[in-house]
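Open the structure in your viewer and keep the selection tool ready. This tour moves from one stop to the next.

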Amino acid sequence: MFIDIVTVKIAAGNGGDGKVNFRHEKYVEKGGPDGGDGGNGGNVIMQATRNENTLAVFRYTKELKAENGQSGGMRNKHGRSAQDLVIPVPVGTVVKDLLNNEVIADFTEDGAQAIIAKGGDGGFGNAHFTSSVRQAPRVAEKGEKGEIKEVQLEMKLVADIGLVGLPNAGKSSFLSVVSNARPEIADYPFTTLTPNLGVADISGISLLIADVPGLIEGASKGKGLGDTFLRHISRCQILLHLIDATSNDVVADYNAIRGELVASKELLAQKDAIVVLTKIDLLDDDLLQMQKEALSKVVPLAHPIMEISAQAHKGTKELLKYAANVIVCQADEMAKTENNEELPVIRLNNNVLPWRVSIIKKGRYLVTGHRIEKFARRTDYENVHGVNRLKDIMQKMGITHELIKQDIQPGDTIVIGEQNYGQITY
Ligand SMILES: Nc1nc2c(ncn2[C@@H]2O[C@H](COP(=O)(O)OP(=O)(O)OP(=O)(O)O)[C@@H](O)[C@H]2O)c(=O)[nH]1
Ligand SMILES: [Mg+2]
């Protein structure tokens, strides 16, 4: 079965804890602090590749986890940072954060990378905290937690040309004669159950062609196999709508598919399209002419009607050339109207306010802000020195001043971060 939507849990590595340690040397009575820093946790990165065509490998994957950073050691020894976990995904994969349904990454190009979950920074060891007033710091930071997310991967094929049509229309046969693909071809409907991709070289350019399973009436509402695959052709530049020329009613055949394209959420009916009569080796010229005339009464003027025989290799080159031409013209148009709109690849934490203080209820205050929350996440609340350091930082950032202005009293609670990264008593 072809898999094109999967849900996976992603966990970046935690940062290693910083170390509290004091030098012990012979003949030196009091050694200075020499606790090393923790290493950074690994990021979870996804990288687009043309070597994968499906998301099937994720079917049995429960969690993708990068390694944690190591803790700091004695004698200023820094913990090792973990390696990033790089996961290949097919070109055409869209990654969504299921928490808020936001698109985190949209992979349209081979080799593109995006950080899906960021590893936690390692905590500083106590060697970092010497100052003239604090000669013997008994404080080290904890490593920051790595990001954990539940994401949905959805794959949409990124092909130039999409082949649509009723089952048995001759889509796979066409693909097999114009490209390197060798899809299964047979005399019964629904031979093709998963999309086939092929590359055709024409007029000096390579075109990626997607042959999707046959559509039937109602496909856009989930009937048959079609609707899953309608999504795939949403990114094609042009659709070739194939119709069996030996059909008793080519107009009904045309309308059945056209109706699905119109009903599709992806606005497929607005795409450039060529209507293609297939298997013309089985028809004489008069009959072919009749079929074309019947179609020309219903097909929009903007969509040319062409004819091919995959078996006799007739008309296939002309058809491809025509399609290539449309694609090149589209690219020129795009270049003219390019507005440099970039796809959101990585969402960065761009808190603009440095911090905010608000009252949750009497005796309970909330402090938010990117930097202070970062420090709060790295504080070891079991350690009084760690808590004191956090208080120092709040003092320096001017947060304490604001708390006093808002009438904080000794014994009141200060919660840091909406997610409550930690709370301390004033
Ligand atoms: N005579 C003749 N037969 C053809 C031609 N093209 C396709 N056929 C036959 O039509 C039948 C269906 O062809 P396929 O290419 O499998 O059709 P399809 O549109 O991919 O069908 P599904 O995968 O079921 O949607 C096969 O028996 C082919 O041999 C052609 O140009 N001439
Ligand atoms: Mg087929």
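How many residues surround ligand 1, and which are the closest? Select ligand 1 to find out: 24 residues surround it, and S172, S173, T192, G214 and Q311 are the closest. Keep in mind that this is a predicted model.

Colour the shell around ligand 1 by class. You get 9 nonpolar, 11 polar and 4 charged residues. Now pick helix α1, residues 171-178. This helix gives the most to the shell, with 3 residues.

Next, the six-stranded sheet. Select its strands in the order β10-β11-β9-β12-β13-β14; the sheet is open and the pairing is mixed. At the edges sit β10 (196-202) and β14 (305-307), each pairing on one side only. Neighbouring strands are turned by 30 degrees against each other on average, direction ignored.

Zoom in on β13, residues 272-278. Strand β13 pairs with β14 in the parallel sense over 3 bridges. Look for L277: its bridge partner in β14 is E307. Helix α3 (250-263) lies across β9, β12 and β13, at about 145 degrees to β12.

Last stop: the four-stranded sheet. Select β15-β16-β17-β18, an open sheet with mixed pairing. Its edge strands are β15 (356-361) and β18 (422-425). The twist averages 25 degrees from one strand to the next.

Here β17 (413-416) and β18 run antiparallel, joined by 4 bridges. T413 stands opposite T425 in β18. Finish with helix α6 (370-377), which lies across β16, β17 and β18. Helix α6 runs at about 100 degrees to β17.

Definitions and conventions
Residues numbered from 1 in each chain as written. Chains lettered and ligands numbered in written order. Predicted model: local features only at pLDDT ≥ 70, side-chain atom pairs only at ≥ 80, totals over all residues. Near = placed C-beta within 6 Å. Helix = DSSP H or I, 4+ residues; strand = E, 2+ residues; numbered from the N terminus. Nonpolar A, V, L, I, M, F, W, Y, C, P; charged D, E, K, R; others polar. Pairing = 2+ DSSP bridges. Axes fitted to C-alpha atoms, helices over the stretch in contact; angles between N-to-C directions. Contact = placed C-beta atoms within 7 Å.
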